[in-house]
Amino acid sequence: MNIFDVIGPVMIGPSSSHTAGAVRLGNLALAILGEGVKEAVIGLHGSFAQTYRGHGTDLALSAGLQGWATDDIRIPKSFDSAKEAEIEIAFTTINLGDLSHPNSVRFWLTGVNGNKCTVTGASIGGGRVVVTNIDDFPVEFSGEFPAILTMHRDRPGAIALVTSILSTQGVNVAQMKVFRKQKGGLAAMIVETDQPIDNAAFEVIGKLPHIQSVRRIQLV
Amino acid sequence: MEEKLSLQEWIDLAETENKTFGNFCIEFQAKELEMDKRVLLERMEEMLHVMEQSVVIGLTGITSMGGLVGGNGKKVETYRAESADKSVVGSVMSKAIMIALAVGEANASMGRIVAAPTAGASGTLPAVLFSLAETRGSSMEELGKGLIVAGAIGMVIASRASLSGAAGGCQAECGSAAAMAAGAAVELYGGSPEQVGHAVAITLKNMLGLVCDPVAGLVEVPCVKRNAGAAAQAMVAAEMALAGICSVIPVDEVIDAMAAVGNAMSCTLKETAQGGLAVSPTGILLANKLFAKVES
């Protein structure tokens, strides 16, 4: 913690968890989709479902999906801007279960190029967030570091190849986690790094054996 | 687990080095951040400009998202203009009340604010700093220094207790904001580092046990008015400290007591809207109305 965690951030009110955190979750979902949003269905769980209008959580999520920052004064008008940009956003309330954080949200997104993804995350206080699920894979990352997300076959060496590309590019791994549904099946890996991952490394990783898809998640 | 900070340790260092607490904090924090002192102060001045704008937004008499608050900062502004001779607390504190309400209302209506330390308690520091600045004729640089003192105090509270209503109740949000503002006020008035510590301790003692019980879970009732109360508590404590009054319980021990009280507090009283004013008959009525609006 430093002094700017106490005096700051500058944000649009009223709540760091229900407003600023919601913007960040939208930012992360957009980054995971990897292209502009065309259609979004947003499911709100728990406290988000109960109090979203009073906290402007819906406006904040919409702003986040348009790539705006938490202190953007356009946030209260983010629906108008989405309409102008022909982005369709619909809200619904959902129950993600008792074990989910009370400030949880699930996005079903379709991008301008037709890519789709489902992202679930939670706003865990003070504007900090965590993404907990991407396309039915349980994951866990905060977006505070640059990251790549791979979908790959669960085979020996699949992970080592990715990390070796990163090491040759001088990229240090801060945290990494691997998830699989069954042995030898489809697996997901999230690698959070200290340095941003450049285009060259990103493209090489996409072409590695066993890698089915790779996404780069980089927030400003 | 990070090591606990100690406000007394910083106060002792400042006294030994014969520095004001503000100058000590700037040097200490600049070093910690590996940032030039000038740049650190400039960043703080930027925060002050945002705070000034929040006051302007609040005083336009806006209504909050949930519709439970709005227009009260403006009411105090009008009262100050038309009935100055009838002020109970005098011009300085009445201005603090006006600013606290205005910023709280700006926050509740999706205006831009500085979370200091949180969005819900964002009215307290601007209220104390700007109302005192007028009488003291303080420059932006002096106010920036006050903000750094406030930030340093907040860091200690965060490390020993909490700044979040969900973790420690409103004493951790408005209480901490008030303690930070009290320390800044002592700094603005040329008090010693020891006096900063006493002001912080006295403020927290006077706000110990305050629960977080927002109606309908929104940052509106009672949050906005509590910012005005917190500003007043800060000024009361700063006045006592500047007069040479000491806190019997040392400041770090008061912060630890706040942490213990926060831990002992029922979850219904920590931002869950399940206790206190949130479950008063009117609180429930308002919540039902708001949730019905969401369903429709």
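**A chat about chains A and B**

Visitor: Where do helix H3 and helix H5 of chain B come together, and at what angle do their axes cross?

Guide: In this predicted model, the axes of H3 (residues 37-58) and H5 (residues 91-108) of chain B come within 7 Å and cross at roughly 85 degrees. That makes H3(B) roughly perpendicular to H5(B), a label for angles of 65 to 115 degrees, with under 35 being roughly parallel, over 145 roughly antiparallel and the rest oblique. Axes are lines fitted to C-alpha atoms, for helices over the stretch in contact, and angles run from 0 to 180 degrees between N-to-C directions. Helices (H or I, at least four residues) and strands (E, at least two) are DSSP runs, numbered from the N terminus.

Visitor: How are residues and chains labelled, and what is counted in a predicted model?

Guide: Residues are numbered from 1 along each chain as its sequence is written, while chains are lettered from A and ligands numbered from 1 in the order in which they are written. As this is a predicted model, local features need pLDDT of at least 70 and side-chain atom pairs count only at pLDDT 80 or more, but totals for chains, interfaces and linings use all residues.

Visitor: And what is the mean pLDDT of chain B?

Guide: It's 96, and 98% of the residues of chain B reach 70 or more; pLDDT is the predictor's confidence in each residue, from 0 to 100. For the complex, the predictor gives an ipTM of 0.95 and a pTM of 0.90.

Visitor: OK, how many residues are in contact between the two chains?

Guide: 27 residues of chain A are in contact with 39 residues of chain B, where contact means C-beta atoms, placed from the backbone, within 7 Å. On the side of chain A that touches chain B, helix H1 (3-6), strand S1 (10-12) and helix H3 (47-55) of chain A each supply at least two residues. H3(A) gives the most, with six residues.

Visitor: Which strand of chain B is joined to S1(A)?

Guide: That's strand S1 (residues 112-114) of chain B, joined to S1(A) by three bridges and running antiparallel. Two strands pair if DSSP finds at least two bridges between them. Val10(A) stands opposite Val114(B).

Visitor: Which peptide bonds around there are cis?

Guide: Gly8(A) to Pro9(A) is cis, with omega near 5 degrees, and Pro9(A) is in the loop between H1 and S1 of chain A. Gly13(A) to Pro14(A) is cis too, with omega near 10 degrees; Pro14(A) sits in the loop between S1 and helix H2 (16-33) of chain A.

Visitor: New topic: is Met110(B) buried or exposed?

Guide: Met110(B) is buried, with 23 other C-beta atoms within 10 Å. The cut-offs are 20 or more for buried, 12 or fewer for exposed and in between for partly exposed, counting other C-beta atoms, placed from the backbone, within 10 Å of the residue's own. Met110(B) lies in the loop between H5 and S1 of chain B, and its phi is near 65 degrees, a positive value in a residue other than glycine.

Visitor: What about phi at Glu271(B)?

Guide: Glu271(B) has a positive phi of about 70 degrees although it is not a glycine. With 28 C-beta neighbours inside 10 Å, Glu271(B) counts as buried.

Visitor: Last one: what order do the strands take in the open sheet of chain A?

Guide: The order is S9-S10-S8-S11, with antiparallel pairing. Strand S9 (173-180) and S11 stand at the edges with a single partner strand each, so one side of each is left without a neighbour in the sheet.
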